[in-house]
Amino acid sequence: MSDDVIVVGGGVIGLTTALTLAERGLRVRVWSRDPVTETTSAVAGALWWPYRIEPAESVGDWSLESLRVYEKLAADPVATGVRLMAGVHADTALADLGDWAREVSGLRRLAGREVPGPYATGLAARLPLIDMPVHLEWLRGRLEAAGGVLERRTVTGFGEAARSARVVVDCAGLGARELVPDPELRPVRGQLVLVENPGIGEWFTAADAASSETTYFFPQPGRLILGGTAQEGDERLAPDPATAAAIVARCARIRPEIADARVLGHRVGLRPSRTSGVRLTAETLPSGARLVHNYGHGGAGVTVAWGCARRAADLACG
């Protein structure tokens, strides 16, 4: 065997897990069907916030572990893609959040008059906002510096990985639906519109977890990302023009200048949601190799990436 661990999947979950293992001194190889900047992770907004992810009893700890890492990475935003930025979660109350919210520095309730748009409640916060193409490249660079190797490869089964390593880590996202197979996995389609930033310096969200339509905008270098959708079971990867127009209109109700912003592009990604929540477990393959599952993160893969990576690494080394 040439490797200690093969990680299947090159998105943010796979790269963060691979990096965590490599920095523990293991020989790690990542097998990814797509280049890292063409994975679903590259499409994400991506604001740190536990959104559309279960199980609730574990998500808080995973999220807070990741938050502490991002707060440190924000010291070098050009290299890491991580910035701490102020913004507003509209239509959100502290009482509706888990215990984790008490550990988020500066999170506070807003008076109704302070909340943009037609919302009576909201929270102000200064949170990590991650430029995903930059962050994914940073993860890849740091992984390679730790001795890890990335390989473009389509995986048809975990057995082939187990022939090359004693531990296989499944970070295949929606691909685990066929690889495992896992019928609990389902796509949640997210569509975004990229526009020129007309001078907006704070993020905004109004995201009802029960709705297929959300409203948010995230200032990223060179663009403003507008969203979005959460369409369960929809696997269309082509942007829908009517959906894009509706996204722009919703965001313009909050900041009217968005209506006239020049459109730079469109993005679509399929979030890997799982009925019973994130799967973070280990099993033994018939060959005797250890298989660790780390998938099903829904709309919060970035938010829990480091916490889940550390749990997966513990399982891989156990």
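The axes of helix α1 and helix α8 (residues 301–317) come within 8 Å of each other and cross at roughly 45°. Keep in mind that this is a predicted model. The crossing in which α1 passes α8 is right-handed.

Who touches whom here? On the α1 side, the residues that meet α8 are Val12, Ile13, Thr16, Thr17, Leu19, Thr20 and Leu21. They face Gly301, Val302, Ala305, Trp306, Ala309, Arg310, Ala312, Ala313, Ala316 and Cys317 in α8. Sorted by class, this contact comes out as 12 nonpolar, 4 polar and 1 charged.

**α1 with α4**

Helix α1 (residues 12–22) also packs against helix α4 (residues 132–145), at an angle of about 25° and with the axes 9 Å apart. That makes α1 roughly parallel to α4, because angles under 35 degrees count that way. The crossing of α1 and α4 is left-handed, whereas α1 passes α8 in a right-handed one. From α1, the contact with α4 draws on Val12, Leu15, Thr16, Ala18, Leu19 and Ala22. From α4 come Met132, His135, Leu136, Leu139, Arg140, Arg142 and Leu143. The tally for this pair is 9 nonpolar, 2 polar and 2 charged residues.

Val12, Thr16 and Leu19 turn up in the contact of α1 with α4 and again in the contact of α1 with α8.

**α2 with α8**

Helix α8 has another partner. It packs with α2 at an angle of about 100°, and the two axes are 6 Å apart. That makes α2 roughly perpendicular to α8, because the angle sits in the 65 to 115 range. The α2 residues involved are Val59, Asp61, Trp62, Ser63, Glu65, Ser66, Val69 and Tyr70. They meet Val302, Thr303, Val304, Ala305, Trp306, Gly307, Cys308, Arg310 and Arg311 in α8. By class, that contact holds 9 nonpolar, 4 polar and 4 charged residues.

Val302, Ala305, Trp306 and Arg310 of α8 are in the contact with α2 and also in the one with α1.

| Helix pair | Angle | Axis distance |
|---|---|---|
| α1 and α4 | about 25° | 9 Å |
| α1 and α8 | roughly 45° | within 8 Å |
| α2 and α8 | about 100° | 6 Å |

Most residues other than glycine have a negative phi, and most peptide bonds are trans. A few spots in this chain go the other way. The bond from Gly45 to Ala46 is cis, with omega near 5°, and Ala46 is in the loop between β2 (28–32) and α2 (56–73). That loop between β2 and α2 also holds Arg52, where phi is positive, near 50°.

Another cis peptide bond joins Gly227 and Gly228, with omega about -5°. Gly228 belongs to strand β11 (residues 223–229). Asp91, for its part, has a positive phi near 60°, and its place is in the loop between β3 (82–90) and β4 (108–109).

**The second largest pocket**

By class the lining splits into 3 nonpolar, 6 polar and 5 charged residues.

Conventions:
Residues are numbered from 1 along each chain as its sequence is written. This is a predicted model: local features need pLDDT of at least 70, side-chain atom pairs count only at pLDDT 80 or more; totals for chains, interfaces and linings use all residues. Side-chain values use heavy atoms; hydrogens and water are left out. Axes are lines fitted to C-alpha atoms, for helices over the stretch in contact, and angles run from 0 to 180 degrees between N-to-C directions. Helices (H or I, at least four residues) and strands (E, at least two) are DSSP runs, numbered from the N terminus. Angles under 35 degrees count as roughly parallel, over 145 as roughly antiparallel, 65 to 115 as roughly perpendicular and the rest as oblique. A crossing is left-handed if the near helix is turned anticlockwise from the far one by less than a right angle, and right-handed if clockwise. Contact means heavy atoms within 4.5 Å. Ala, Val, Leu, Ile, Met, Phe, Trp, Tyr, Cys and Pro count as nonpolar, Asp, Glu, Lys and Arg as charged, and the others, Gly among them, as polar.
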